Amino acid sequence: MPPPTVLIIGCGIAGPVLAILLKRKGYNPIVFEKVQALGDAGASLMIQPNGMKILDLITPQHPLPVITPLQFLWHGTASGKTLGHTCLPSTYKSRYTQPASGIKRSVLNLHLKTTLQDHDIPLYEGYQLENIHEYPNQITASFTNGKSITGSFLIGCDGIKSSTRRILLSKAGIAEGPPTFTGLVQVAGISKLPDTLSERGRSLSNWYGEGVHVVSYPISTEDISWAVTIPDTAGEESTWRAATAGEEMDDLRRKLRRMLSGFEDCVLEMVNTADRIISYGLFDRSEVPAELWFSDRVVLVGDAAHPTSPHLGQGANQALEDCYYLSRLLPDLSMNGGEWDVVEQGLLGIFEEFARLRQPRTSALVKEARRLGEQRVVVGGPERCRERDAGIVDAWRDEEAVARGLDALFREPF
């Protein structure tokens, strides 16, 4: 009997990782991506120890090409006054077996794409999911380009704007609209590490201003990624949009400099020296219960199941945890492909166990990310800013409490 074909929608992070894990267990995964060609999109992301553990399972002999282990966490005012600081990240490797590291998003995406090819896993680009048809013994995905592909089951890894989620909920009688704009916009870039930031160069740094938040972290020994979060009541398209060189870039720099008046010189230096700046809106969705994460032959993973704001830095990392748990629950067919008949009878139960296992943790982290966004990220008014700063000082005063909080995030999934 040939191995069961798994249709995986989305080639961001979770899609390729799941495909590789399942190929090793005897499945035949195919990955579909809506864009015509994966390229240099987005800025960067922070892979925390819990996520790094899963990436290490994928290519232990060929690690990510650029890893700059984080050494410090720093929180401060716009002018650079320290509110909280710890060197706990320097202990992550010994505490959790893996470090935390920033990485350029396109570097990670292309690394995973190459790893797919190394595992002889097909990737179909330019395939936007249009509909799903479930049958007793198979599932068919149809795409906007007119193509249809049939498999044994389907995994939706297609993010906050997930077509898989929309189709799955519609079959349950739920008409979900587009993601809700949060009223916040991020402007991000990658710059050379400023000399004025050299002492904190290997730190994840947060500057809290009045109505403005800035975060930065290294993505190599020479480069640093940064993002400015600001309110934008007029709304903003969710598509990643890069400012072109010349007048548009100069105009965006001027706007950022006005918003960042009073911030540390190193923040302004990062803005002034970035050769590429992108802006994008932050969006959110309502939580759905675990029983809506799956059907007989479909299951959601990552932001498709539990979309989260970026304020806790766990979106990609929780998607990677999902990959680990779902692949662990799906039986290993590599030794005996005939077992699929037995597995198929229990597929719905496997999806249900996965959703009920993951939903409590992801729900708690989504709520915490929203809380941090509301109470810390973009706070207006001098009095509220003073309250926020005092709260940060109080939260970071007890390093043992900070360590316990990090343990709760990073000791998972193993």
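**Rings, sulfurs and packed helices**

Me: What links Y27, F153, W340 and F351 into a cluster?

Reply: Ring pairs do that: Y27, F153, W340 and F351 are joined through them. Rings of Phe, Tyr and Trp (its six-membered ring) pair if their centres lie within 6.5 Å. Before we go on, this is a predicted model, where local features need pLDDT of at least 70, side-chain atom pairs count only at pLDDT 80 or more, and totals for chains, interfaces and linings use all residues. Residues are numbered from 1 along each chain as its sequence is written, and side-chain values use heavy atoms, with hydrogens and water left out.

Me: How many aromatic pairs does the structure hold?

Reply: There are 17 aromatic pairs. One of them is formed by Y324 and Y325.

Me: What makes the pair of Y324 and Y325 edge-to-face?

Reply: The angle between the ring planes decides: under 30 degrees counts as stacked, over 60 as edge-to-face and the rest as tilted. For Y324 and Y325 the planes are 75° apart and the centres 5.2 Å apart, so the pair is edge-to-face.

Me: Why is Y324 called buried?

Reply: Buried means under 20% relative accessible area, exposed over 50%, and partly exposed in between (1.4 Å probe, protein chains only). Y324 has 16%, so it is buried.

Me: Which residues is L21 in contact with, leaving aside its neighbours within four places in sequence?

Reply: L21 is in contact with I58, C323, Y324 and S327 (contact means heavy atoms within 4.5 Å). L21 and Y324 are 303 residues apart in sequence, yet 8.1 Å apart in space, C-alpha to C-alpha. L21 is found in helix α1, residues 14-24; helices (H or I, at least four residues) and strands (E, at least two) are DSSP runs, numbered from the N terminus. At 10% relative accessibility, L21 counts as buried.

Me: What makes K53 count as sitting over the ring of F414?

Reply: A charge sits over a ring if NZ of Lys or CZ of Arg is within 6 Å of the ring centre and within 35 degrees of the ring normal. K53 lies over the face of F414, at 5.7 Å from the ring centre.

Me: Why does the count come to 0 disulfides?

Reply: A disulfide is a covalent bond between the sulfur atoms of two cysteines. Here it is taken as a pair of cysteine sulfur atoms within 2.5 Å, and by this rule the count is 0. For C11, the closest cysteine sulfur is in C157, 9.8 Å away, so the distance is too far for a bond. For C266, the closest one is in C385, at 19 Å, again too far for a bond. C11 is buried at 1% relative accessibility, and C266 is buried at 1%.

Me: Why are α6 and α7 called roughly antiparallel?

Reply: Axes are lines fitted to C-alpha atoms, for helices over the stretch in contact, and angles run from 0 to 180 degrees between N-to-C directions. Angles under 35 degrees count as roughly parallel, over 145 as roughly antiparallel, 65 to 115 as roughly perpendicular and the rest as oblique. Helix α6 (residues 247-259) and helix α7 (residues 265-273) pack at about 170°, with axes 10 Å apart, so α6 and α7 are roughly antiparallel. R253, L256 and R257 of α6 make the contact with L268, V271, N272 and T273 of α7.
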